[in-house]
Amino acid sequence: MNKKAKTKRKNSFSNSKLLFTLVSIILGLLVGAIVLSLTGYHPLEAYGKLVEGIFKSPRNIGWALVNSTPIILTGLGVCFAFQTGLFNMGAEGQFIIGSTVGFLMGYLLKLPPLIHVIVTIIVALLAGFLYGGLAGFIKAKFGIHEVISTIMLNWVAFYFQNFIVYRYQKPNSMGTFDINDSAKVTLVTNASQKFDGFFGKFFRAPIHLGIILAIVSVIIIWFILEKTSLGYKLKAVGLNREASEYGGIDANKKIIQSMAISGCLCSLAGVTQVMGYTYSLPLLSAMENFGFDGLAVSLLASNNPIGCIFSGLFLGSLKYAGSNLQRTMGVPSELISIIIGTIILFTAIPLIFRIIKAKVNRKKNRKAGNNA
């Protein structure tokens, strides 16, 4: 019995998603070290500066948290779609819709503080829900793959934001006016006057309500997927659409619901970013990559809602610390993108093999069925 238990533990450890993730991170850092060596930088010194950029002071930790908040939410949105068999490449566009609608509600409405915050967030969530649901409807109704429709919708959102920025552009600026104070959700202002020590420095970064909503959203999504009939049906459609339809599940309806909820989560990232940090919309010359970073967060978390918190914190901190690396050693910030890309590549390798294996098994099953 003891030998069987030990072998089971070994097998479960070797097949562990956490193990693959840790190995992928190590390999990504090794590739980064090789690139640093080839370009004339000392890898250990560079990684030391990278860690220092995050933990040097409470203020740095706070800024790393601020940078991580939006990609935790977009990662959660992508994760939810993945869990239900859908590939949401539209997280960037849904983020933009959330931030744009959040700005409009925050700037145009004149409401008491708490009511203003609630109304702005609800309207932005509804916009993201509809925008994500649109991609699901296009797939369910016309059979157009969600990757194609969501990429196109990203650009619609991109130019919609620029249209709004031009409409409400602040003079001599490349952005809009700020939203009203009643719509802001930054947790602490003038922290140095209110706190001493650690918290006085930590809250010098604009920590906002988004991080709390991100944690709450992770718990809700985990509960939906693991403990409700809706989550069971959504995952059943993702695993095998034909079998789920045979079992009485309306697959088209679940596809729309899945993309709508995914869009809602990505929109929450956008609206909290505007209400808690930027307070205005910039004129976009290129995508800001919050949605695409969310894709990396989801893959690194092995599409686990709880894991999105940790992978989001890791990638957000890594990207923030990259600026310290550039400032202190002159290392190009693109190195961080190389490391992240390599980590995601290694993380995705087992997934690629599983997809190929699943397709091969489906073909075998079809042949066996035809022969029978």
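This is a working chat about a predicted model of one protein chain.

Biologist: Before we start, what are the ground rules for this model?
Modeller: It is predicted, so local features need pLDDT of at least 70 and side-chain atom pairs count only at pLDDT 80 or more, while totals for chains, interfaces and linings use all residues. Residues are numbered from 1 along each chain as its sequence is written, and side-chain values use heavy atoms, with hydrogens and water left out.

Biologist: Thanks! How many helices and strands are in the chain?
Modeller: The chain has 16 helices and 0 strands. Both are DSSP runs numbered from the N terminus, helices being H or I of at least four residues and strands E of at least two.

Biologist: And how does the radius of gyration sit against the globule rule?
Modeller: The radius is 22 Å, close to the 21 Å the rule gives for 372 residues, so the chain is as compact as a globular protein of that length. The radius is taken over C-alpha atoms, and the rule is 2.2 Å times the number of residues to the power 0.38. Along the principal axes, the C-alpha atoms fill a box of roughly 75 × 50 × 40 Å.

Biologist: What share of the residues is buried?
Modeller: 49% of the 372 residues. Buried means under 20% relative accessible area, exposed over 50%, and partly exposed in between, with a 1.4 Å probe and protein chains only.

Biologist: Nice. What about charges?
Modeller: There are 35 positive and 14 negative side chains, and the centres of the two sets lie 12 Å apart. Lys and Arg count as positive, Asp and Glu as negative, with His and the chain ends not counted. Each charge is placed at NZ of Lys, CZ of Arg, CG of Asp or CD of Glu.

Biologist: Changing topic: which residue has phi near 55°?
Modeller: That's N172, a non-glycine residue with a positive phi. N172 lies in the loop between α7 (146-167) and α8 (191-194).

Biologist: Is N172 buried or exposed?
Modeller: Exposed, with a relative accessible area of 87%.

Biologist: Then where is N289?
Modeller: In the loop between α13 (251-278) and α14 (290-300). Phi of N289 is positive too, near 75°, and N289 is partly exposed at 34% relative accessible area. For background, most residues other than glycine have a negative phi.

Biologist: Last one: what does S317 contact beyond its neighbours within four places in sequence?
Modeller: I54, A64 and S68, where contact means heavy atoms within 4.5 Å. S317 lies in helix α15, residues 305-329, and counts as buried at 12% relative accessibility.
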